Amino acid sequence: MRFNDLTSVIDNSRRLYIQMHRPPDPDCIASASVISDMLKSAGFSPQIIYSGLISKPETMELINSMEIKLIRLDTETNKDLVREDDQVIVVDCQKENSNIAHLSAEYIACIDHHPELGNYQYAYSDIRPEYGACSSIIYEYAHEANYDLSPVQAALLIYGIRIDTDDLSRRKYLLDIDIFCALYKIANLDVLTKIGRNSIRPEDISTTIVAYENLTIKNNVAYSFAGDDKAKESLAELADKLISLADVSFVVVYSRCFNGFNFSIRSQNNSLHAGKIAKYAFSKVNGDGGGHMFMAGGLIPKVAFMDLIGGKAVMERVISLIEEAFENIPNSVSTSYS
Ligand SMILES: [Mn+2]
């Protein structure tokens, strides 16, 4: 049984942490929280850690309303919290991810649904990219171990699945759908309604206005500059909004940051792999990019646009990089940027 296999690699005389990626999203939080509860009921004392800023109102609402205890590492008090002889279980990400804090502790286990990144040898590894959400995998741990999920825990996992699968909107999420149904029967649905209610930050409105003003649509691809210093999460939300534009099947949004330009990319075209296109396009200018079939991100360093004056010239270069990638990238597997 998976849960027993997991616990068999934990040394209960050493400290145990469950690490989430940066910034943690609902799927990651739900997964970490439920596996933490399961470990506690089996006699372990895990603590959930993360770095980065949680700025999405619904994610904050989720953490507060469900009273989830999380420890942020990048603060003065906690920066040296995790030590070399501590143990870490990574959830919804992998040790090699660029979006997790790299700790000196021993990474004993990994539970994730992203494509396998490297060959790090965890004592226990459960990486299953065929799942749309890590929350679905965690449900299986509970189910197999006859652990009774509370209505609130079930609601939390449902929320994780909904966010990571875009409300189960694609055919590839068949595995998650069965789990969603099983959870739905036990979940406290009132909690879910409450979380979803406050999802727009006032500053998102101005970002959206800027993004629509700077929108260019060319060959069913929407390109937009969202202004300066936008959080990755805001860019991602914006990309999700723009993909719903009529006749748009691919979205590229970006924001200027201190060291260059951050990108968020979406594809609804099965022959355009967002992750591969990002990786190809951005590596041409010494940037970094990658991700899944439908969602990707990346960064282009400032120096790549140094010779250009004005936003229009930057946009033109972005368009030509992406169009070049369209011509050169056949559709295939995911890449490692997250
Ligand atoms: Mn996830």
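With 338 residues, a compact globule would have a radius of gyration near 20 Å, and the protein chain agrees, at 20 Å. The radius is taken over C-alpha atoms, and the globule rule is 2.2 Å times the number of residues to the power 0.38. The model is predicted: local features need pLDDT of at least 70, side-chain atom pairs count only at pLDDT 80 or more, and totals for chains, interfaces and linings use all residues. Residues are numbered from 1 along each chain as its sequence is written.

Along the principal axes, the C-alpha atoms of the protein chain fill a box of roughly 60 × 40 × 40 Å. The chain holds 11 helices and 12 strands. These are DSSP runs numbered from the N terminus, with helices (H or I) of at least four residues and strands (E) of at least two. Of the 338 residues, 43% count as buried. A residue is buried if 20 or more other C-beta atoms lie within 10 Å of its own, exposed if 12 or fewer, and partly exposed in between, with C-beta atoms placed from the backbone. Among contacts between residues at least 6 apart in sequence, 61% join residues at least 24 apart. Two residues are in contact if their C-beta atoms, placed from the backbone, lie within 7 Å.

Helix packing was examined next. Helix H5 (residues 151–164) packs against helix H6 (residues 174–186) at an angle of about 150°, with the axes 8 Å apart. Axes are lines fitted to C-alpha atoms, for helices over the stretch in contact, and angles run from 0 to 180 degrees between N-to-C directions. H5 and H6 are therefore roughly antiparallel to each other. Angles under 35 degrees count as roughly parallel, over 145 as roughly antiparallel, 65 to 115 as roughly perpendicular and the rest as oblique. The crossing of H5 past H6 is left-handed. A crossing is left-handed if the near helix is turned anticlockwise from the far one by less than a right angle, and right-handed if clockwise. On the H5 side, the contact involves Pro-151, Ala-154, Leu-157, Ile-158 and Ile-161; these meet Asp-176, Ile-179, Phe-180, Leu-183, Tyr-184 and Ile-186 in H6. The residues of this H5 contact with H6 divide into 10 nonpolar, no polar and one charged. Ala, Val, Leu, Ile, Met, Phe, Trp, Tyr, Cys and Pro count as nonpolar, Asp, Glu, Lys and Arg as charged, and the others, Gly among them, as polar.

H5 also packs against H7. Their axes come within 8 Å and cross at roughly 45°. That makes H5 oblique to H7. The crossing of H5 past H7 is right-handed. Val-152, Ala-155, Ile-158 and Tyr-159 in H5 meet Leu-189, Val-191, Leu-192 and Ile-195 in H7. By class, this contact of H5 with H7 has eight nonpolar, no polar and no charged residues.

Helix H7 (residues 189–197) packs with helix H3 (residues 57–65) as well, at an angle of about 145° and with the axes 8 Å apart. H3 passes H7 in a right-handed crossing. Here Glu-58, Glu-61, Leu-62 and Ser-65 in H3 meet Val-191, Lys-194, Ile-195 and Gly-196 in H7. The contact of H3 with H7 has three nonpolar, two polar and three charged residues.

In helix H9 (residues 232–242), the buried residues are Ser-234, Leu-235, Glu-237, Leu-238, Ala-239 and Leu-242. They pack against helix H8 (202–213), strand S8 (221–228), strand S9 (250–257) and strand S10 (260–267). Phe-250 lies in strand S9. Phe-250 is buried, because 21 other C-beta atoms lie within 10 Å. Leaving aside neighbours within four places in sequence, Phe-250 is in contact with Asn-220, Val-221, Ser-267, Asn-269 and Leu-272.

Asn-220 has a phi near 65°, a positive value in a residue other than glycine. Asn-220 sits in the loop between strand S7 (215–218) and S8. With 14 C-beta neighbours inside 10 Å, Asn-220 counts as partly exposed. Phi of Asn-146 is also positive, near 55°. Asn-146 lies in the loop between helix H4 (134–144) and H5. Asn-146 counts as exposed, with 8 C-beta neighbours inside 10 Å. The peptide bond from Arg-22 to Pro-23 is cis, with omega near -15°. Pro-23 lies in the loop between strand S1 (16–19) and helix H2 (26–41). Most residues other than glycine have a negative phi, and most peptide bonds are trans.
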